[in-house]
Amino acid sequence: MPGSLSISVRECRLCGTDLAADNQSGLCSPCQHQSKASAAPEVPDDFWDAAPLRQALSDRHMGQVIRAYRQHPFHRAAFGRRGIPQSSVGDWLVLTQAQVSRMESGSPPRNLDTLIHIARALRVPPGLLWFSLPQTESGAADRPHLPRQDQHPEPVVQASQEAWRSVRRRLNAERAVLSEAAAQLYDPTLRVESSALLAPAAWLAQEPVPLERVTLRWDPAPVVPILDGTAHESLGTRPLRLPDQRFDRYTLAVRYLDSPTLFENRPSYRLTGVRWGGDGAGELRFSLATYFDKLDLCEAIGHEFAAATESGSDHPRWGQLALRRAVGDPFDLRIRPMIPAITTLLLRRRPDGEATFFLHWRDPGRVATAGGLYDAIPAGEFQPSSVLAPPDGPDFDLWRNIVRELNEELLGAPEFDGSAGRPLDYERWTLYRALQRGRETGAVRAYCFGVGCDALTLAATIPSVLVIDDGIFDELFGDIAPQNAEGITVAALPEQQPATGIPFTEQNITRFLRNEPLAPPGAACLALAWKHRRLLLAPSPCAP
């Protein structure tokens with residue numbers, strides 16, 4: 001009829017509710033909120049007919065499925081033309097934005113547990129998948145199932161996971177105390193300078209060895225370790241994920257139930273041989289493994305010990321420690337994959353021969369290991385900088401790993417985390433070249449002490465020390481980042497100004513070794529550096 005107002009009734013495309021005339025999103029307010037909440041929204045059946053999704057599913061590439069899902073036109077009304085941000089999908093999957101990015105652009109995920117988790121979180125229809133979703137309850141295979149406490153109606157699962165979280169919290173809150181208690185399980189002669197870092201005499205150099213005298217050898221055919229994260233003895237450290245099923249590995253429980261900010265699996269070097277000669281040189285042999293290979297056993301070993309002490313005994317008996325008993329000799333490289341970190345104490349040497357040092361407080365909310373402790377700085381896993389680099393290529397070098405950690409922890413630079421599209425070109429890197437020139441002139445000196453294992457977790461580390469003369473230190477690290485992705489840089493005592501490092505004195509060494517929560521590798525580095533201070537702080541023979 002002429003002059004009449006034509007009203008077009010529109011409905012929310014998710015729930016069918018009538019929309020207000022000025023609503024241009026296509027979603028009612030509750031559905032808009034849901035679409036941006038902590039779980040994937042409901043989508044219509046024809047959503048999965050989109051060509052990019054069909055192709056990704058046909059290619060069996062779950063990372064590309066995530067990308068096609070995020071960028072589907074359906075999501076534009078709620079999230080804009082670019083679709084759902086990777087960070088939002090990461091929240092649903094309990095992953096970081098960086099992990100989602102690498103999953104989308106990298107090789108297809110193969111772990112079945114990961115595939116099931118993503119498929120359920122995104123509500124992918126089971127008939128489109130190339131694997132089967134386990135039935136959790138009648139007709140429930142096509143519903144998202146994240147193993148979090150608030151999504152488990154089963155009291156037995158909730159109780160198991162909450163008990164696990166309680167022990168995990170204690171492990172992170174009391175690592176220093178637990179490490180000292182765990183060290184008492186072993187021969188006291190194994191303790192490095194009375195710290196809770198353990199090492200047999202054959203694994204320690206008689207005095208600090210210049211890093212250029214430590215030879216790395218590639219092991220092309222390493223022995224397959226007897227134990228891994230699925231070992232039967234580790235069952236007690238893995239909570240229930242379903243009433244009749246435990247998490248397959250410790251890292252899966254951490255990811256779903258207590259994930260820190262930094263929690264990514266990456267290629268890592270596995271130690272397969274240690275030799276220190278009487279001539280002051282050393283040889284370390286390595287093959288390749290992953291970071292989670294380390295955590296699956298080491299964090300589980302620490303968890304087992306923390307659980308045993310929680311039951312009322314400050315000094316658990318070996319009979320309570322099934323996983324630790326299965327490992328037996330902590331230094332038998334055939335039993336388990338031993339994947340070391342490199343822990344380096346940084347000394348700033350002044351012209352008068354005195355020095356200062358720096359520490360790092362590791363934020364337990366950001367890191368998976370050694371949270372809540374002071375540690376030497378720089379410290380990090382011995383890992384390649386890129387997944388595209390050959391494992392025995394330029395990254396297979398202790399010094400280069402230390403420089404990467406210096407860049408990250410002192411300068412606050414992004415980590416070379418293995419996700420780069422190409423290998424790191426060290427010779428074109430300004431910081432690396434400057435430090436190399438310092439080594440050539442003697443203004444920068446790096447030493448290795450040996451190899452040891454944390455008594456609590458049996459995690460391996462390569463303790464070392466880096467001495468940098470005052471002038472080059474100011475030139476390269478004049479503006480130390482007060483914090484980084486893993487915690488806070490400690491460059492001074494509370495009463496000290498300016499923040500040019502903690503004075504390297506017996507009083508301060510004793511203070512941190514006896515009165516502060518110091519990680520065993522950092523404690524060993526500090527004690528060994530003090531023991532060998534005359535050698536470390538002597539004027540360089542190359543100095544003008």
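In which helix is Trp164 found? I began there, keeping in mind that the model is predicted, and I located Trp164 in helix α8, which spans residues 155–173.

**Entry 1: around Trp164.** I looked up the accessibility of Trp164 and found it buried, with a relative accessible area of 3%. Leaving aside neighbours within four places in sequence, I listed its contacts as Thr237, Pro239, Tyr250, Ala253, Val254, Leu257, Asp258 and His303. For one of these, Pro239, I noted that its C-alpha atom is separated from that of Trp164 by 6.1 Å, although the two residues are 75 residues apart along the chain.

**Entry 2: α10 against α11.** I then turned to helix α10 (residues 250–257) and helix α11 (residues 291–310), which pack at an angle of about 85° with their axes 8 Å apart. Because of that angle, I recorded α10 as roughly perpendicular to α11. On the α10 side the contact is made by Tyr250, Thr251 and Arg255, and on the α11 side by Phe292, Leu295, Asp296, Glu299, Ala300 and His303. Sorting the residues of this contact, I have 4 nonpolar, 2 polar and 3 charged.

**Entry 3: salt bridges.** The count comes to 27 salt bridges, and I followed up several of them. Within helix α8, Glu162 forms a salt bridge with Arg165, the closest N and O atoms being 3.7 Å apart; the two are 3 residues apart, so about one helical turn separates them. Glu162 is partly exposed at 29% relative accessible area, whereas Arg165 counts as buried at 12%.

The side chains of Arg217 and Glu283 also meet in a salt bridge, at 3.3 Å from N to O. Since Arg217 lies in strand β3 and Glu283 in strand β7, this pair ties together parts that are 66 residues apart in sequence. I also noted a network of salt bridges that links Arg168, Arg175, Asp258 and Glu299.

Arg349 and Asp469 form another salt bridge, with their closest N and O atoms 4.0 Å apart. Arg349 lies in strand β8 and Asp469 in strand β15, so the pair ties together parts that are 120 residues apart in sequence. Arg349 is buried at 9% relative accessible area, and Asp469 is buried at 19%.

**Entry 4: helix α15.** Which residues of helix α15 are buried? I found Asp470, Ile472, Phe473, Leu476 and Phe477, and because they cover an arc of only 165° around the axis, they sit on the same side of α15. The face turned away from that buried side carries the exposed residues Gly471 and Glu475. Finally, I traced what the buried residues of α15 pack against, namely β8, α13, α14, β13 and β15.

Definitions and conventions
Residues are numbered from 1 along each chain as its sequence is written. This is a predicted model: local features need pLDDT of at least 70, side-chain atom pairs count only at pLDDT 80 or more; totals for chains, interfaces and linings use all residues. Side-chain values use heavy atoms; hydrogens and water are left out. Axes are lines fitted to C-alpha atoms, for helices over the stretch in contact, and angles run from 0 to 180 degrees between N-to-C directions. Helices (H or I, at least four residues) and strands (E, at least two) are DSSP runs, numbered from the N terminus. Angles under 35 degrees count as roughly parallel, over 145 as roughly antiparallel, 65 to 115 as roughly perpendicular and the rest as oblique. Contact means heavy atoms within 4.5 Å. Ala, Val, Leu, Ile, Met, Phe, Trp, Tyr, Cys and Pro count as nonpolar, Asp, Glu, Lys and Arg as charged, and the others, Gly among them, as polar. Buried means under 20% relative accessible area, exposed over 50%, partly exposed in between (1.4 Å probe, protein chains only). The arc is that of the directions from the helix axis to the C-beta atoms.
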